[in-house]
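Let's take a walk through a protein model together, one piece at a time.

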Amino acid sequence: MTVTSTTTAPGKDQRLYSVADWYDAEALLTTAERQALARLRGFLESEAKPLLAEYWERGEFPEQLAQPLIDLDLMEPADLTVDAPARGIYHGFRIFELARTDASLATWYTAQAGLFRTAIQVGASVEQHKEWMPKVIDFSLKGVFSLTEPEHGSDIAGGLSTTARFEEGPDGGSWVLDGAKRWIGGASTADVLCVFARDVADGQVKAFLVDRAAPGVSLEKIHGKTSLRMMQNAHITLDQVRVPETMRLHNVNSFKDVAAMLRAMRSDVAWIATGIQAGAFEAALAYVKERQQFGRSLGSFQLVQEKLARMLGNITASLSLVVRLTEQQNWGIYRDQDSALAKMQTSLIMRETVALAREVVGGNGITLAADVARFHADAEAVYSYEGTHEINALIIGRALTGEGAFTR
């Protein structure tokens, strides 16, 4: 249930907004942007929420939600993009709304709208971009970002071991890929895998769009997860997989180009971490308003109110971070340390927020019925992906001191 509060802002009509957005950051959106998000909220409330507990427990993604979610036309809504692409602040709040409902839904959608789209935006040539980007936006070309490897996560820049070998031939030649990727969300339903591999000729990292059904590609679902259980993560093996030169992203010629993608995408995860906090907080607030103990509402106890206030403070601080970061990026300011700071801090206080939400719900907080348990568990995955706390801290530390502390 979304908890709301009515407010009258100076010069504005009275309207209803989420209590988690205490300072009404949503007021930065245009009327058309809010209307697009309202379509999303309505769908999530009526169609998605009733399915989440069941599918989370089963460890399956509710595939029946995929096409209706795509049909909402949320990536670049036609009614928003007559004169220009949708604004970054709209994209951020779209992620926030998804994550406030469920972290797996947000991760699934941003795998296409954030990760894969950014790979094409940054890595494709002008001709490739013209051909592929419209298909990315309408989901007729579904792809996933395949960077992490079984033995290389935080050290992927220097440790990436998947190889690419070029062979001359007709039609521009082809590449042969060998290696493995791990934790690739949504791979089983993608059309192509955006695979990053090291060119054996020059040692530089290149990127390739690999047909998921190509000979030599095998996918194995990762079982036994206790977080993001609905998101289907895959272990991918590449055994002499042939990829034509036309399917190589021509503007990715070193890991610096990959880093540019990560710089742009990390802010998405900060928005997810913020949305998770809002979802956990709203579920906890609804619960304590209804739950009776010692003849009184849980929400009337001082200790419970203190925890609610701390949760709201964390969410408000997180929204301030992600909104300001998004504004900077709209101005063309993309710095590693900025996105790293937002991801590090929102994910750090997210852990406290979801823990406090579980705490005020008591024993029922570990059951799916109260909603809080999903957010509490899923937060752990978000805390680690797109750069762990430590890696992001070192990116910030390098900017502060001028000294790189990653290796000695």
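Start with a pair of helices lying side by side. Glu33, Ala36, Leu37, Leu40, Arg41, Leu44, Lys49 and Leu52 in α1 meet a set of residues in α3, namely Ile89, Tyr90, Phe93, Arg94, Glu97, Leu98, Arg100 and Thr101. Keep in mind that what you're looking at is a predicted model. How do we describe a pair like this? Two packed helices are described by the angle between their axes and the distance between those axes. For α1 and α3, the axes come within 9 Å and cross at roughly 15°. Angles under 35 degrees count as roughly parallel, so α1 is roughly parallel to α3. The crossing of α1 past α3 is right-handed.

Take α7 as the first stop: the axes of α4 and α7 come within 10 Å and cross at roughly 160°. Since angles over 145 degrees count as roughly antiparallel, that makes α4 roughly antiparallel to α7. On the α4 side, the contact is made by Ala103, Ala106, Thr107, Thr110, Gly114, Leu115, Thr118, Ala119, Val122 and Gly123. Facing them from α7 are Asp257, Ala260, Met261, Ala264, Met265, Asp268, Ile272 and Ile276. This crossing is right-handed too, going by the pair α4 and α7.

The other stop is α5. Here the axes of α4 and α5 come within 10 Å and cross at roughly 170°, so these two helices are roughly antiparallel to each other. Gln112, Phe116, Arg117, Ile120, Gln121 and Gly123 of α4 make this contact with Gln128, His129, Trp132, Met133, Lys135, Val136 and Ile137 of α5.

While you're at α5, look for Glu131, which sits in this helix, residues 126-137. Is Glu131 buried, exposed or something in between? It is partly exposed, because its relative accessible area is 45%. Glu131 and Asp155 are 24 residues apart in sequence, yet their C-alpha atoms lie 33 Å apart in space.

Next, let's go inside. In soluble globular proteins, nonpolar side chains tend to be buried together. In this model, the largest nonpolar core has 82 residues, and the ones with the most contacts inside it are Leu69, Phe93, Trp108, Tyr109, Trp271, Ile276 and Phe281. Two or more residues each come from α1, α2 (66-71), α3, α4, α7, α8 (302-330), α9 (336-361) and α10 (372-384). Which helix gives the most to this core? That's α7, with 14 residues. Zoom in on Phe281 and you'll find that, leaving aside residues up to four places away in sequence, it touches Val19, Ala20, Leu308, Met311, Leu312 and Ile315. Apart from this core lies another one, of 25 residues, including Ile120, Phe145, Leu147 and Ala207.

After α10 comes Glu386, whose phi is positive, near 60°.

Positive phi turns up at a couple of phenylalanines as well. Phe139 has a positive phi of about 70° although it is not a glycine, and Phe294 has one of about 55°, again without being a glycine. You'll find Phe139 in the loop between α5 and β3 (143-146), while Phe294 is in the loop between β10 (292-293) and β11 (296-297).

Finish at Ile156, in helix α6, residues 156-159. Is Ile156 buried or exposed? Buried means under 20% relative accessible area, and Ile156 comes in at 6%, so it counts as buried. Not counting residues up to four places away in sequence, Ile156 touches Leu147, Glu149, Arg198 and Phe255. Ile156 and Phe255 are 99 residues apart in sequence, but their C-alpha atoms are 9.4 Å apart in space.

Key: Residues numbered from 1 in each chain as written. Predicted model: local features only at pLDDT ≥ 70, side-chain atom pairs only at ≥ 80, totals over all residues. Heavy atoms only, no water. Core = buried A, V, L, I, M, F, W, Y, C linked by side-chain atoms within 4.5 Å. Buried < 20%, exposed > 50% of the residue type's maximum accessible area, 1.4 Å probe, protein only. Helix = DSSP H or I, 4+ residues; strand = E, 2+ residues; numbered from the N terminus. Contact = heavy atoms within 4.5 Å. Axes fitted to C-alpha atoms, helices over the stretch in contact; angles between N-to-C directions. Parallel < 35°, antiparallel > 145°, perpendicular 65-115°, else oblique. Left-handed = near helix turned anticlockwise from the far one by under 90°.
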